[in-house]
Amino acid sequence: MDTLDKCEPICEGAGPETAERVRNELLEDGAASAMAELFKALGDPTRIRMIHALSIQELCVHDLTEALGMGQSAVSHQLRYLRNLRIVKRRKEGKMVYYSLDDTHIEQLFLLTRQHLAHD
């Protein structure tokens, strides 16, 4: 007999109170969508490399293109996407525009993910 053919005991759960309490504490749809969009943005290797570069120091588009070995148009496109999600911010100094991580939470997400992947 295949293990899939065996009957499993039916889980009856911890009771309706538990399910109701959890349901009442769940994220609202808007918050869940915003979080999913953030994780979607972090799901791209190019954007991860950009975030890593900007976690090292504030950079202009030219420096990012040189560091990442990418074209200016591609870097600008990714920066605009990351800026719209408030992952990076820009600062103008005369005609120069410098990019950095929007806040320490982004850096913490990046570092926690690296630590998670590094442990056995």
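I looked up Arg91 and Glu93 in this predicted model and found a salt bridge, with the closest N and O atoms 2.7 Å apart. I count a salt bridge when a side-chain nitrogen of Lys or Arg is within 4 Å of a carboxyl oxygen of Asp or Glu. Arg91 also forms a salt bridge with Glu58, at 2.6 Å between the closest N and O atoms. That pair links distant parts of the chain, 33 residues apart: Arg91 is in strand S2, and Glu58 is in the loop between H3 and strand S1 (59-60).

Local features need pLDDT of at least 70 and side-chain atom pairs pLDDT 80 or more, while totals for chains, interfaces and linings use all residues, and side-chain values use heavy atoms, without hydrogens and water.

I then checked accessibility (buried is under 20% relative accessible area, exposed over 50%, partly exposed in between; 1.4 Å probe, protein chains only). Arg91 is partly exposed at 33%, Glu58 is partly exposed at 30%, and Glu93 is partly exposed at 45%.

The search of the whole structure finds three salt bridges. Glu25 and Arg21 form one of them, at 3.6 Å, N to O. Because the two are four residues apart in helix H1 (residues 16-25), about one helical turn separates them. Glu25 is exposed at 59%, and Arg21 is partly exposed at 47%.

Next I looked at Thr65, in helix H4 (residues 61-68). Thr65 is buried, with a relative accessible area of 10%. A polar atom of its side chain lies 2.6 Å from the backbone oxygen of His62. Leaving aside neighbours within four places in sequence, Thr65 is in contact (heavy atoms within 4.5 Å) with Met70, Gly71, Gln72 and Val75.

With the same exclusion, I listed the contacts of Met50 as Leu64, Leu68, Val75, Gln78, Leu79 and Leu82.

Last I checked Arg86, in the loop between H5 and strand S2 (88-93). Arg86 has a positive phi of about 60 degrees although it is not a glycine. Most residues other than glycine have a negative phi. Arg86 counts as exposed, at 60% relative accessibility.

Key:
Residues numbered from 1 in each chain as written. Polar contact = N/O pair within 3.5 Å; in protein donor to acceptor, adjacent residues only side chain to side chain.
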